[in-house]
Each structure stands twice: as structure tokens, then as C-alpha cells.
Amino acid sequence: MDVVVLQLFNGISVSSILLLIALGLSVTFGLMKVINMAHGELIMIGAYTAYVVQNLFNSYMPSSLFGWYFVLAIPASFIIAFVFGLVLEMSLIRFLYGRPLDSLLATWGVGLMLQQIARSIFGAPNVGVTSPEWLNGGVTALGGVVFPYKRLFILGLVLVCLIFMYVYIYRSHSGRRMRAVMQNREMAACLGISTRRVDAVTFAIGSGIAGIAGCALTLIGPIGPSIGTYYIVDAFMVVVLGGVGKLVGTVFGAFGIGMSNTLFEYWTTASLGKVLVFLCIVAFLQWKPSGLVAMRSRSLDN
């Protein structure tokens, strides 16, 4: 029973990390149809922001306050990635809407440039971020099974981000304008909605969520210029499996891939487990190409 509970918690933990990474991509790729290959580098920006905030606390703040640097690092990562995403959209992405191959190549080039900039500033080797003292340790339950505080904190952070995205997309005026633009851009423009502003803010929010994901990844291990490339493929698989443009589909896709990956890795090996998960996704998409949750729409074309 202890092994079963531990594997279940590991699966939920992996799923939450995938969900946090894929949330931003579900906006830029799922809603805006932009193939953003620089999404991994936005995650890297969030991770290095946490590293910089840690160093600033080490240098200028009392040691008694060091443990709270991570509380400031989370909004800082969102803001820095948000601003960078806004600049990227206004300077490059807005000229590539409706051109998926061009956006793929352009953002891939941007990603390579960002990786090189990170190597020039922080160096090529990975750097470590010290976890706050209050995140060390864990909760012991069910006969000795330990649930680490770091993983529990990431679960809570994912839940907060998910609630924020739901409220923004489905319960706010800005979210309704965003959905209107994504579903019928011409009609939304005729109704007075500034489609360019909506595009910029939407892409920036997706970038900001990616920054939060990078900040959370610093709790798991060291970070480096290529940290985002390890997760970008899994993030795209989550969005495609869940259903393009559907937030609830992203949740189901993340937990499906995370739980399956943990289960297969426990039975086989890490590499073979990923291969089996990929084969299962391909087989499922052959049966249901629109994903787990398909976007409903009404065609007005005769």
C-alpha cells in the first residue's frame, strides 16, 4: 500500500509540473494558434529570475529574511516573462499570425538567441537555487510515506494558477474579449474590440505563466540555459492530447501523461516509459484527433 500511495503521489506531482508548464502554452498555442518554440526559453527566464532574486536577498537582505525570497520570486518571474512576452509579440509574433511554419522557425531562432544570452550572462554550467528553509522536509503519513513540502507547494501553486486562468478566461471582461477574438477576429473587430491589444496581452499572459513554471522548477533541481528544452515536447503533447483551446482538456492531458509516465517508468525504465507514453498518445489521437476535450463551435459558412 505504501508503494502504491507513493507512486500515486509521484504521478500527481509530475502531472502538476506538466500542467504548470503547459498552461502558458495552452494560451499561446491552444487559443492563439502560434507555435511558440521559445516557450522553453520563457521558462528559463522565470528560473533565472528566481536565481537573481535569491542572489539579491543574499547580498542586500538580512539572513533572517532569506527564506522569503521565493515568495517575491514568483511574481517577479511572472512580471519579467510577461514583459518579455509582450515585447516579443509586438516586435515579431504579430506579423506571423496565420503563418504557423514561419512562427515555428522564428520562435525557434529566438529561443537559440535567448539560450546564448543566458550562457553569456550566467555561464554555461547549471546553477543551483537554494530552497527556502520552510520548504525543506515533508509530511509523514500512512506508515512512513513522506510527502515533500516542495512538491506540495508546487501542487498548491498549480491550483492557484489554474484558478486564475479559469477566472480570467471565463469570468472576466478581458477573458471574454480574448475568446471572442480567438473565435471570430473579424466580428470582434467590428464590435469595437482592439484585436491587436488582445493578442499582445494574451501572449504576454501565457509567457508570464511560463515564467512561474520556471520559478517552480528551481525547487526540483539545478537550472541552466537549456532547462526549457527538456519540457517543451511534453508541454506540446499535453496541449494536443487535451484538446487545442480547452483549459479543462489541458488539465486532463497533463494528468493523463503524468500518471501514465510514472506508471510505465515504475514497470520498465525511464526511457522506455516515455516511449510507451508517446505511442499511447499517437494511438489515441488516431482514434480522436481533436483530443480529449474538443472545442465546440458553430460554423456560419454556407
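**Cavity, pocket and selected residues**

Trainee: By class, how many nonpolar residues does the lining of the largest cavity have?

Mentor: The lining of the largest cavity has no polar and no charged residues. In this classing Ala, Val, Leu, Ile, Met, Phe, Trp, Tyr, Cys and Pro are nonpolar, Asp, Glu, Lys and Arg are charged, and the others, Gly among them, are polar. The lining consists of Ile17, Leu20, Ile21, Ile154, Ala213, Ala216 and Leu217. The nonpolar count is seven.

Trainee: What should I keep in mind about the model and the numbering?

Mentor: This is a predicted model, in which local features need pLDDT of at least 70 and side-chain atom pairs count only at pLDDT 80 or more, while totals for chains, interfaces and linings use all residues. Side-chain values use heavy atoms, with hydrogens and water left out, and residues are numbered from 1 along each chain as its sequence is written.

Trainee: About how much space lies in the largest cavity?

Mentor: On a 1 Å grid over the protein atoms alone, a cavity is a set of points where a 1.4 Å probe fits but cannot get out, a pocket is an open set with protein on both sides within 12 Å along at least five of seven lines, and lining residues have an atom within 4 Å of a point. Points are joined across faces, edges and corners, and volume is the space filled by probe spheres set on them. There is one cavity of 30 Å³ or more. The space in the largest cavity is about 30 Å³.

Trainee: Which helix gives the most to the lining of the second largest pocket?

Mentor: This pocket has a volume of about 520 Å³. Of its 20 lining residues, the closest to the centre are Val14, Asp234, Asn261, Glu265 and Lys274. Helices are DSSP runs (H or I, at least four residues; strands are E, at least two) numbered from the N terminus, and H1, H9 (232–242), H10 (247–267) and H11 (270–287) each supply at least two lining residues. The helix that gives the most, with five residues, is H1.

Trainee: Is Ser103 buried or exposed?

Mentor: Ser103 lies in helix H4 (residues 100–122), and a polar atom of its side chain is 2.7 Å from the backbone oxygen of Pro100. Leaving aside neighbours within four places in sequence, Ser103 is in contact (heavy atoms within 4.5 Å) with Val34, Ile35 and Leu96. Buried means under 20% relative accessible area, exposed over 50% and partly exposed in between, with a 1.4 Å probe and protein chains only. Because its relative accessibility is 2%, Ser103 counts as buried.

Trainee: How far apart are the C-alpha atoms of Met32 and Val181?

Mentor: Met32 is in the loop between H1 and helix H2 (39–60), and is buried, with a relative accessible area of 7%. Not counting residues up to four places away in sequence, Met32 touches Val27, Tyr97, Met182, Asp199, Thr202 and Phe203. Met32 and Val181 are 149 residues apart along the chain, and their C-alpha atoms are separated by 9.2 Å.

Trainee: What percentage of residues 152–170 is helix?

Mentor: An unreviewed UniProt entry lists this span among its transmembrane regions; such annotations may be inferred rather than shown by experiment, and UniProt positions are given in the numbering used here, with feature names shortened. The end C-alpha atoms of 152–170 lie 27 Å apart, and strand is 0%. The helix content of the span is 100%.

Terms used
A polar contact is a pair of N or O atoms within 3.5 Å; within protein, one must be able to donate a hydrogen and the other to accept it, and residues adjacent in sequence count only if both atoms are side-chain atoms.
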